[in-house]
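I wanted to work through this model with the viewer open and jot down what I looked up. My notes follow, in the order I made them.

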Amino acid sequence: MADDQQLWGYPEVAAHLGISVGAARNRKSRGSLPAPDDTTVPDRPRWRPATLQSWTPVGRGFRSDLHGESVSAAAPASSG
């Protein structure tokens, strides 16, 4: 594929997801990442940025601490 600048390897994928490179590799091996867009180089899958930007990880919950919303506003008030 001629568009090397348009493809992300494990370091870029990990940075985009906010995880380590090792965790990105583990997710790929478990099938928890989208299929790579380029597999021409063995052991170096690469993805187009749009593939990962439009993909939502399975089982990823909402983290209010990462989105600037207070936990008390997100959690229901306890009655008592």
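**The D38 and R46 pair**

I started with a polar contact of 2.4 Å that joins the side chains of R46 and D38. For a polar contact I take a pair of N or O atoms within 3.5 Å; within protein, one must be able to donate a hydrogen and the other to accept it, and residues adjacent in sequence count only if both atoms are side-chain atoms. The pair also meets as a salt bridge, at 2.4 Å from N to O. A salt bridge here is a side-chain nitrogen of Lys or Arg within 4 Å of a carboxyl oxygen of Asp or Glu.

Before going on, I noted that this is a predicted model, where local features need pLDDT of at least 70 and side-chain atom pairs count only at pLDDT 80 or more, while totals for chains, interfaces and linings use all residues. Residues are numbered from 1 along each chain as its sequence is written, and side-chain values use heavy atoms, with hydrogens and water left out.

Are D38 and R46 buried or exposed? D38 is buried, and R46 is too. I use buried for under 20% relative accessible area, exposed for over 50%, and partly exposed for in between (1.4 Å probe, protein chains only). D38 counts as buried because its relative accessibility is 2%. R46 is at 14%, so R46 counts as buried. I found D38 in the loop between α2 and α3, and R46 lies in the loop between α2 and α3 as well. The side chain of D38 has another partner on my list: a polar contact of 2.9 Å joins D38 to the side chain of T40.

**The rest of that loop**

I searched the whole structure for salt bridges and got two. One of them joins D37 and R48, with the closest N and O atoms 3.7 Å apart. D37 and R48 are eleven residues apart, each in the loop between α2 and α3. D37 is partly exposed, since its relative accessible area is 28%. R48 counts as partly exposed too, because its relative accessibility is 38%.

I also stopped at D43, in the loop between α2 and α3. D43 has a positive phi of about 65°, although D43 is not a glycine. With a relative accessible area of 71%, D43 is exposed.

**Overall layout**

I counted four helices and zero strands in the protein chain. Helices (H or I, at least four residues) and strands (E, at least two) are DSSP runs, numbered from the N terminus. Along the sequence the pattern reads α-α-α-α. Of the 80 residues in the protein chain, 24% are buried. The chain exposes about 5800 Å², and carbon and sulfur atoms supply 49% of that; accessible areas come from the Shrake-Rupley method with a 1.4 Å probe, and for residues only the protein chains shown count as cover.

Which residues of α1 are buried? In α1 (residues 10–17), I list Y10, V13, A14 and L17 as buried. Seen down the axis of α1, these fall within an arc of 100°, so they line one face of the helix. The arc is that of the directions from the helix axis to the C-beta atoms. The face turned away from the buried side carries the exposed residues P11 and A15. Cover for the buried residues of α1 includes α2 (21–30) and α3 (49–53).

The largest nonpolar core has ten residues: W8, Y10, V13, A14, L17, A24, L33, W47, L52 and W55. α1 gives the most to this core, with four residues. A nonpolar core is a set of buried Ala, Val, Leu, Ile, Met, Phe, Trp, Tyr and Cys residues joined through side-chain atoms within 4.5 Å. I checked V13: leaving aside neighbours within four places in sequence, V13 is in contact (heavy atoms within 4.5 Å) with W8, L33, W47 and L52.

S20 lies in the loop between α1 and α2. S20 is partly exposed, because its relative accessible area is 43%. A polar atom of the S20 side chain lies 3.0 Å from the backbone nitrogen of A23. S20 and Y10 are ten residues apart in sequence and 9.0 Å apart in space, C-alpha to C-alpha.
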